[in-house]
Amino acid sequence: MEITVVAEPALRLVGIEKHYGPTVAVAGIDLDVIEGEFVTLLGPSGCGKTTTLGLIAGFFHPTAGEIYLKGRPVVDLPSFQRDIGVVFQDYALFPHMTAAENVAFGLRMRKVPPAEIAKRVADALDLVQLAGLGERRPLQMSGGQRQRVALARALVINPTVLLLDEPLSNLDLKLREEMRVEIASIQRRLGITTVFVTHDQSEALVMSNRIAVMNAGRIEQIGDPSDIYERPATRFVAEFIGRMNLFSGQVTAARTVKTARGLEIGVPVPQEIAAGAAVHVAVRPERTHLLRDKPADGLALRGTLRQVLYLGPTREFHVELEGGERGFVEAPNDGAAPPFEPGASVWLAAPFANCRVLPART
Amino acid sequence: MATRFLSARWRANDGPWALLRAVVIFVYVFSLGPILITAAVSFNQTNRSFFPPRGFSLRWWERAFAPEWIDPLLFSLKLGSLTALLATLLALPLAFALYRYRFAGRNALIALTLGPLMLPTLVTGVGLLQLFQYLGWREYIGFTALLVGHVVICMPFAVRTVSISLQTLPPNVELAAASLGATRWLAMRHVVLPLIKSGVVAGAVFAFIHSFTDVNLSIFLARPGEVPITVKILGFLEFGFAPTLAAVSVITLLLPLILVAIVERVSGLGDFIYGDHRRG
């Protein structure tokens, strides 16, 4: 006997669109977030990610589509009936209330008995490591502490979904790196379904179960962090996440790719891409290396080394390829002198397994 | 550290600072001077308004506290308080509508609301008097007409201060309140109103002071027995400036000052009176 358990997703977006007059902020989004999952909406500013978050929160009404929270359609429910927790980019703490009062607000609105409020507020402040700071006002706290208050305030109400709108972008680098680990670990511990909005790819990679890369109001690709990084589906995703050598060209009859400048790249082209189709060949700079002699196998592009950049842990070798294309190799800095000097004639090489051929969008 | 820096600046820029000092002294002489002279005159022993005062007596003060003066004073207090209350209650939703929403007729509404600031109150007064007469509401001339007129001329102050405090409202706090389960009304009561409180209180105080000190409009809408203190003072001036008037003037001056001091103590007007932007 086969038992299939189809869990209701905690959050489901179906065909969500948001237009502002002629401007389309969100152009049709379908997304299922399962219970306990941490999903990141990642994209450049203006891609519609924050608008999508606002639509889930109920701050505005979608032009089209439906949103389900635990199976319940909520598009017509006002924000205060949706049972969501939101952490805003600027935290949006209530400046006239203490940290504890801020955290208690959602419970007060839910008419939780005072004794229970006190206990849950203390627990929430404890959870975000602010025990004992409840009597401070937001203005007396550091940016990092305010952020923790905002998180505690959103978590204490046990929302169906936790929404985080670029909560780390106002913190300095060190604190940001600490907080992303901490937020992710709190999220895993509580098992709370979370949608996180960011433009910072490393945040997305570190924190998420799945990443939805957004561009121009749509999801370009959705997958777990390694999917997105290792197997980008489009040029946009390939370029937006990490760094990439990209060569644009056309598939030849011989199943190679020829760039407009005449560089022929002998990379196996997947069956489903027809000869003549416009494609991009994508290969990560850290998955390539420089050779003096042409390798027997794999991608090999001949060129002249133009520049060596010293970045501390790594070096970047920028190569001008035959035909004028440019490529670069990122190599760990092992302490030895770089094997090549600018001006050297080199081969930019990579195993074919590290190369991807992406269909160009028309 | 700070003082050293400051004193260095003093030395470096002596010229401009001397000028500033001169301006400050000038302002104080001409704003405080008349008040001090009036106060001094009220203690004259003679029945002429000499300055410096000749002799010392409190008899003019005694007279100032007679019903002849106390009644208009109480009348003005009542009028000013009611005006402040009504103007602020009307200004709150108006400021919200004007500041938050874009709608047809918004500019017209702004012009109508803030118009009385630009218009000479004298003209508003004459206009209101004619309106009341035209409508056959003669019996309302007096307190009711004064209240209407004062609300019209005082509301712009309240609308301004409330709008300003709405602009300094931190963004997203209302959305945050909504996401935490607060209805619009609860978000208003627990988040928005406490945060714009100083603007609302300042608006009420300005409205009160403007009402309490108005003479231009009141002069047309008063009737015997329903006379604000300012109109009463103006009428009495026909008989020359008696020391009684000096005493009454000092009282009239102190009342709003005391009010401002109390409000400042209780709720703080810092933002609006001193242009300070601390918020707590």
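The contact between the chains takes 21 residues from chain A and 18 residues from chain B. Keep in mind that this is a predicted model.

**Where chain B touches chain A**

- On chain B, helix 8 (173-179) and helix 9 (184-213) each supply at least two residues of the side that touches chain A.
- Helix 8 of chain B gives the largest share of that side, with five residues.

**Helix 7 against helix 9 in chain B**

- Helix 9 of chain B also packs against helix 7 (residues 143-167) of chain B, at an angle of about 160° and with the axes 8 Å apart.
- With that angle, helix 7 of chain B ends up roughly antiparallel to helix 9 of chain B, since anything over 145 degrees counts as such.
- Sorted by class, the contact of helix 7 with helix 9 in chain B comes out at 13 nonpolar and eight polar residues, with no charged ones.

**Helix 11 against helix 12 in chain B**

- Further along chain B, helix 11 (residues 229-236) and helix 12 (residues 243-266) pack at about 160°, with their axes 11 Å apart.
- So helix 11 and helix 12 of chain B are roughly antiparallel to each other.
- This crossing, of helix 11 and helix 12 of chain B, is left-handed.
- Helix 11 of chain B brings Ile229(B), Ile233(B) and Phe236(B) to the contact, while helix 12 of chain B brings Leu245(B), Val248(B), Ser249(B) and Thr252(B).
- That contact of helix 11 with helix 12 in chain B splits into five nonpolar and two polar residues, and again no charged ones turn up.

**Domains of chain A**

- Over in chain A, the domain assignment gives domain 1 (11-232) and domain 2 (243-359).
- Taken over C-alpha atoms, the centres of domain 1 and domain 2 of chain A are separated by 40 Å.

Note on methods. Residues are numbered from 1 along each chain as its sequence is written. Chains are lettered from A and ligands numbered from 1 in the order in which they are written. This is a predicted model: local features need pLDDT of at least 70, side-chain atom pairs count only at pLDDT 80 or more; totals for chains, interfaces and linings use all residues. Two residues are in contact if their C-beta atoms, placed from the backbone, lie within 7 Å. Helices (H or I, at least four residues) and strands (E, at least two) are DSSP runs, numbered from the N terminus. Axes are lines fitted to C-alpha atoms, for helices over the stretch in contact, and angles run from 0 to 180 degrees between N-to-C directions. Angles under 35 degrees count as roughly parallel, over 145 as roughly antiparallel, 65 to 115 as roughly perpendicular and the rest as oblique. A crossing is left-handed if the near helix is turned anticlockwise from the far one by less than a right angle, and right-handed if clockwise. Ala, Val, Leu, Ile, Met, Phe, Trp, Tyr, Cys and Pro count as nonpolar, Asp, Glu, Lys and Arg as charged, and the others, Gly among them, as polar. Domain bounds come from an automatic or database domain assignment.
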